[in-house]
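User: Could you walk me through this model? I would like the overall layout and then the side-chain interactions.
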Amino acid sequence: MVYLKNLYNKAIIIKYLKSTHREGVDKIIEYMKENNFFEVPSSKNRHHNWRGGLAQHSLGVLKKAIEKSNDEIPQDRIIISALLHDICKTRQFYFDENGNIKTKKVKTPGHGYRSVRIIEDLGFNLTEDERLAIRWHMGNWSENEEAKKDRAKAGKSQLWKIINAADRWDAAHHKPKN
């Protein structure tokens with residue numbers, strides 16, 4: 001049953017991403033397939049900590065973001081920001097041979113920042129609003145003055161407000177499995 005749900009989530013995510021008609025989206029989809037985006041959990045001990053949890057969480061954020069959005073924000077920006085906000089977790093989480101969630105050590109702090117870097121390293125052009133929404137989707141985790149200024153810009157963005165609220169809502173409504 002989990003396998004079928006994961007296949008369904010994969011098909012829906014790919015359909016949404018392709019619907020943006022954005023240049024480079026095929027590279028993003030290929031990266032997601034090659035790096036187990038549709039199989040890994042969203043976290044080790046918190047929300048969506050099960051096989052396929054990252055894809056399920058991303059779809060949950062998209063659904064809530066669409067509910068909260070208005071006609072002022074282009075649909076493609078909501079789709080990109082919601083579905084890719086945690087893409088870096090494909091490099092962070094994996095299952096061992098016994099099905100236990102394991103974590104790889106990461107060098108770059110801040111998973112929003114890591115997600116933006118992966119997307120941009122794949123040659124995908126994010127709008128400034130998308131970059132801010134993905135980078136700061138968790139809120140204010142600023143360590144230096146430049147980051148604080150960037151975070152302040154995000155706080156003025158309608159897209160950021162929607163993604164931040166949708167991410168928090170979806171995480172709060174999907175408790176961890178023991």
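Analyst: The answers below go from the overall fold to individual residues.
Analyst: This is a predicted model, in which local features need pLDDT of at least 70 and side-chain atom pairs count only at pLDDT 80 or more, while totals for chains, interfaces and linings use all residues. Residues are numbered from 1 along each chain as its sequence is written, and side-chain values use heavy atoms, with hydrogens and water left out.

User: How many helices and strands are there in the protein chain?
Analyst: The protein chain has 8 helices and 2 strands. These are DSSP runs numbered from the N terminus, with helices being H or I of at least four residues and strands being E of at least two. Their order from the N terminus is α-α-α-α-β-β-α-α-α-α.

User: What share of the residues counts as buried?
Analyst: Of the 178 residues in the protein chain, 50% are buried. Buried means under 20% relative accessible area, exposed over 50%, and partly exposed in between, with a 1.4 Å probe and protein chains only. The accessible surface of the chain is about 9,900 Å², and carbon and sulfur atoms account for 49% of that. Those areas come from the Shrake-Rupley method with a 1.4 Å probe; for residues, only the protein chains shown count as cover.

User: And contacts between residues at least 6 apart: what percentage join residues at least 24 apart?
Analyst: That figure is 63% for the protein chain, where contact means heavy atoms within 4.5 Å.

User: Which residues have the most contacts inside the largest nonpolar core?
Analyst: They are Ile-13, Leu-17, Met-32, Leu-84 and Ile-87, in a core of 46 residues. A nonpolar core is a set of buried Ala, Val, Leu, Ile, Met, Phe, Trp, Tyr and Cys residues joined through side-chain atoms within 4.5 Å.

User: What does Met-32 touch?
Analyst: Setting aside residues up to four places away in sequence, Met-32 touches Ile-13, Leu-17, Phe-37, Phe-38, Leu-84 and Ile-87.

User: How are Phe-37 and Phe-38 arranged?
Analyst: The whole structure has 1 aromatic pair. Phe-37 and Phe-38 form this edge-to-face pair, at 5.3 Å centre to centre and 75° between the planes. Rings of Phe, Tyr and Trp (its six-membered ring) pair if their centres lie within 6.5 Å; planes under 30 degrees apart count as stacked, over 60 as edge-to-face and the rest as tilted. Phe-37 is buried at 0% relative accessible area, and Phe-38 is buried at 1%.

User: Is Lys-89 buried or exposed?
Analyst: Lys-89 is buried, since its relative accessible area is 7%. Lys-89 sits in the loop between helix 4 (75–84) and strand 1 (93–95). Beyond residues up to four places away in sequence, Lys-89 touches Val-40, Ser-42, Leu-54 and His-111.

User: Where is Asn-9 found?
Analyst: Asn-9 belongs to helix 1 (residues 2–19) and is buried at 4% relative accessibility. Neighbours within four places aside, Asn-9 is in contact with Ala-55, Gln-56 and Leu-59.

User: Switching to charges: how many salt bridges does the structure hold?
Analyst: The structure holds 6 salt bridges, each being a side-chain nitrogen of Lys or Arg within 4 Å of a carboxyl oxygen of Asp or Glu. One of them joins Asp-76 and Arg-22 at 3.0 Å, N to O. That pair links distant parts of the chain, with Asp-76 in helix 4 and Arg-22 in the loop between helix 1 and helix 2, 54 residues apart.

User: What else does Arg-22 meet in a salt bridge?
Analyst: Arg-22 also meets Glu-130, at 2.7 Å from N to O. Glu-130 lies in helix 6 (residues 128–135) and Arg-22 in the loop between helix 1 and helix 2, so the pair ties together parts 108 residues apart in sequence. Both Arg-22 and Glu-130 are buried.

User: And which residue does Glu-128 form a salt bridge with?
Analyst: Glu-128 forms one with Arg-131, with the closest N and O atoms 2.9 Å apart. Both lie in helix 6, 3 residues apart, about one turn of the helix.

User: Last topic: what is the phi of His-21?
Analyst: His-21 has a positive phi of about 55°, although it is not a glycine. His-21 lies in the loop between helix 1 and helix 2 (25–34), and is exposed at 72% relative accessibility.
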